[in-house]
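Please open the structure in your viewer and keep the selection tool at hand. The stops below say what to select next and what is there.

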Amino acid sequence: MIEPQLKSEITFEDFKAEVLNDYRIARISRECSLLGRKEVLTGKAKFGIFGDGKEVPQLALAKAFQNGDFRSGYYRDQTFMMAIGQLTIEQFFAGLYGHTDLNFDPMSAGRQMGGHFATHSLDENGNWKNLTEQKNSSADISPTAGQMPRLLGLAQASKIYRNVRGLESLTNFSNEGNEVAWGTIGNASTSEGLFFETINAAGVLQVPMVMSVWDDEYGISVHAKYQTTKESISEILKGFQRDNENNGFEILTVKGWDYPSLVATYEKASAIAREEHVPVLIHVDELTQPQGHSTSGSHERYKNAERLAWEATFDCLAQMRNWLVDNNLATAEELDEIDETARKEVLEGKKAAWNAFVSPIKEEQNELVALLNSIASSSANKVFIEKQASDLASIKEPIRKDIITTARKVLRLVINENGREKLASWITNYIEKIQPKFSSHLFSQSDKNVLAATTVAPTYDETAEEVDARLVLRDNFDAIFSKYPEALIFGEDAGNIGDVNQGLEGMQEKYGELRVADAGIREATILGQGIGMALRGLRPIAEIQYLDYLLYAIQIMSDDLATLQYRTHGRQKSPLIIRTRGHRLEGVWHSGSPMGMIINAIRGIHVLVPRNMTKAAGFYNTLLETDEPALVIECLNGYRLKEKMPTNLGEFKTPIGAVETIKSGSDITVVSYGSTLRIVEQAAKELLEIGIDVEIIDAQSLLPFDIKHDIAKSVAKTNRLLVVDEDVPGGASAFILQQVIDEQNAYQFLDSQPQTLASKAHRPAYGTDGDYFSKPSAEDVFEKIYAIMHEAMPEKYSSLY
């Protein structure tokens, strides 16, 4: 008999009990998949994507997975989650139904479709739990291969904890770097660039990462011959195999239906990654997908009879069953009993989950029906209201949309009656109660959120000298790295040369190559490194060399980082700081300001736009005392401008969400940010010479934006508004205008049309002339403001043109 390689010597009876328990878990998982599909097809659930066919390799993965380890996987790992004790039958179905109570669906409280798994790294107050005492899963996302960049950072954290001094006290996050980050992915998704970028980076960094590729020969309906060269990911990655002369990966292959070989393979992979900090790729092939890709279709449409027959024979559960019987570990009758018990347990668990899901909604349904009937008794529209109440009461399986829709429709029928106030109050209270179930935790709700941070102004000696602004950044980073041993920075040219603008000059020499590190040209995984390390308690600063290059990483920022607190209902956080530089320079690819795209793609991440390096340094200081992710965009043309050197480096803090009035005025309010402010200031000086007094407000942060509504207060004084920036027309300037007009209600103070001045729609052309004719100039600002004043007071300001 071939026995699995277990962690320690055990008796035969213990071994038998363990493998039979594995089979029981696998059968429960399979029954969940089968019954889950039926729940979707009968309409109780909206969509299903399940882990059937992948059960046995996930059992092997779970055996090697230890406390403190992290998973970064895809949406078919339900068996693994069950095997590590982090997913029950009831929780599986609660996720399928979209139960909005975290006590029932601990993965996301109904915010993600079923199959997306997470554990709780935080308590209910947003404080870190001891991650070394639990098995951890970072929150899944649906975009294929999107889990890969984060995986790199989760693994790198172990390397940092093992090798960087000063982190010994952070015992909640690591046990001397012995944790492994385990990734899972479907074979077809290895075609994504994010997969290859991560694999290459892991080989370079030599981090404890084990990557499992579940290979069932298809990607939805598309065969592997259209997906992967040679139809084998392990074949084409052979060049990554480590040898005696070169670092690389350990690459292992194993059949997905071979239980003992799978257990042995995963134990081997765990030892290599955990002890040597060498990445491992496990290609698990000859897997099946018995129900096809998802509930949206059937695999009989694209698999021929021969393939379907093979899948029936080599289904991993069928093969495990054969192995158990052939090796006298169980009889067919004993396994039949396990199968039948599993079916009953899953059916009962499904019923319990459905009752828990629908019961509070039915209570809300009954409450509204009673209220409507009460209102109807004295209404002129009694017949119509009673009809609405009756229709609502007849819905056997209501959803909250049914309830609130009915209430709002009836409100129109009692608009001039006594019942209006009572119903309106009910609707308001209902929305206040229910809406947060779908909307909370986009940003941190802990006492460490950015709005709770205190402001500390920079202080200066009387003899403070004017220095190149990049020196303010450099010396502030020095103070940060000294104050926070868990802080580190990495990016293209960030290490050896101290970044392209010398804001990190000498930092690598002082703090070492692990804390101030160069990275390859791979923006998505630079972001991923930061996300993963921040998930494990470090305070990373991921540097993207130029703002234009952020586009490579925008998908990771948008789909993963920005949604993390939201999609875990506040139970995971990744307070990553993203550092970049942008705005004015010269050329199509190095002077972009795609702010509108950014702020609309990454809601959930703060976007900070300091006008100088002192402000930027203050933002870094603020963020390191908070628990939220943020993007800081330094002004690319500001590093050599002169600024005074503060005396309280590392301590002064720029407020987030607060604007600053940098020039008072009485005729018009001009709002801008970043490099463009210097142009606005120049135009304002020239306008003052002809009697136009401009009030200039620096937005400072776009997300959040002017939380005290100081811009509206300014408009109330000047009665005119112009927003100036260097994004495309309708970009960030439109966002700012919407905030001031819609959110701050400044429209009521306006005597002139509120306007914007932005760049041209095309990318900025190269050279000084290219900049002048592509982006707003001081003359553009002057003439725009003059035209507004001419329209208001033509007798005083004659037309320029």
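This is a predicted model: local features need pLDDT of at least 70, side-chain atom pairs count only at pLDDT 80 or more; totals for chains, interfaces and linings use all residues.

**A tour by selection**

Begin by selecting Q206, which sits in the loop between helix 6 (193-205) and strand 4 (209-214). Most residues other than glycine have a negative phi, and most peptide bonds are trans.

Select L703 and P704, which are joined by a cis peptide bond with omega about 0°; P704 is found in the loop between strand 20 (701-703) and helix 23 (710-718).

Now step back and colour the protein chain by its division into domain 1 (12-330), domain 2 (362-437), domain 3 (466-644) and domain 4 (660-792).

Next, show helix 2 together with helix 8 (residues 259-276), whose axes come within 8 Å and cross at roughly 35°. The crossing in which helix 2 passes helix 8 is right-handed. To see the contact itself, display the side chains of V56, P57, A60, L61, K63 and A64 on helix 2, and those of Y259, L262, V263, Y266, E267, S270 and R274 on helix 8. Sorted by class, the contact of helix 2 with helix 8 has 9 nonpolar, 1 polar and 3 charged residues.

The next selection concerns aromatic rings, of which the structure holds 27 pairs. Take F65 and F80 as one of them: their ring centres are 5.0 Å apart and their planes stand at 75°, which is over 60°, so the pair is edge-to-face. F65 lies in the loop between helix 2 (55-64) and strand 1 (70-72), while F80 belongs to helix 3 (residues 78-83), so that the pair links parts of the chain 15 residues apart.

Finally, select helix 22 (residues 676-688) and helix 26 (residues 778-792), whose axes come within 8 Å and cross at roughly 50°. How are helix 22 and helix 26 placed relative to each other? At that angle the two helices are oblique to each other, and their crossing is right-handed. Display I679, V680, Q682, A683, E686 and L687 in helix 22, which meet A778, V781, F782 and I785 in helix 26. The residues of this contact divide into 8 nonpolar, 1 polar and 1 charged.

Technical notes:
Residues are numbered from 1 along each chain as its sequence is written. Side-chain values use heavy atoms; hydrogens and water are left out. Axes are lines fitted to C-alpha atoms, for helices over the stretch in contact, and angles run from 0 to 180 degrees between N-to-C directions. Helices (H or I, at least four residues) and strands (E, at least two) are DSSP runs, numbered from the N terminus. Angles under 35 degrees count as roughly parallel, over 145 as roughly antiparallel, 65 to 115 as roughly perpendicular and the rest as oblique. A crossing is left-handed if the near helix is turned anticlockwise from the far one by less than a right angle, and right-handed if clockwise. Contact means heavy atoms within 4.5 Å. Ala, Val, Leu, Ile, Met, Phe, Trp, Tyr, Cys and Pro count as nonpolar, Asp, Glu, Lys and Arg as charged, and the others, Gly among them, as polar. Domain bounds come from an automatic or database domain assignment. Rings of Phe, Tyr and Trp (its six-membered ring) pair if their centres lie within 6.5 Å; planes under 30 degrees apart count as stacked, over 60 as edge-to-face and the rest as tilted.
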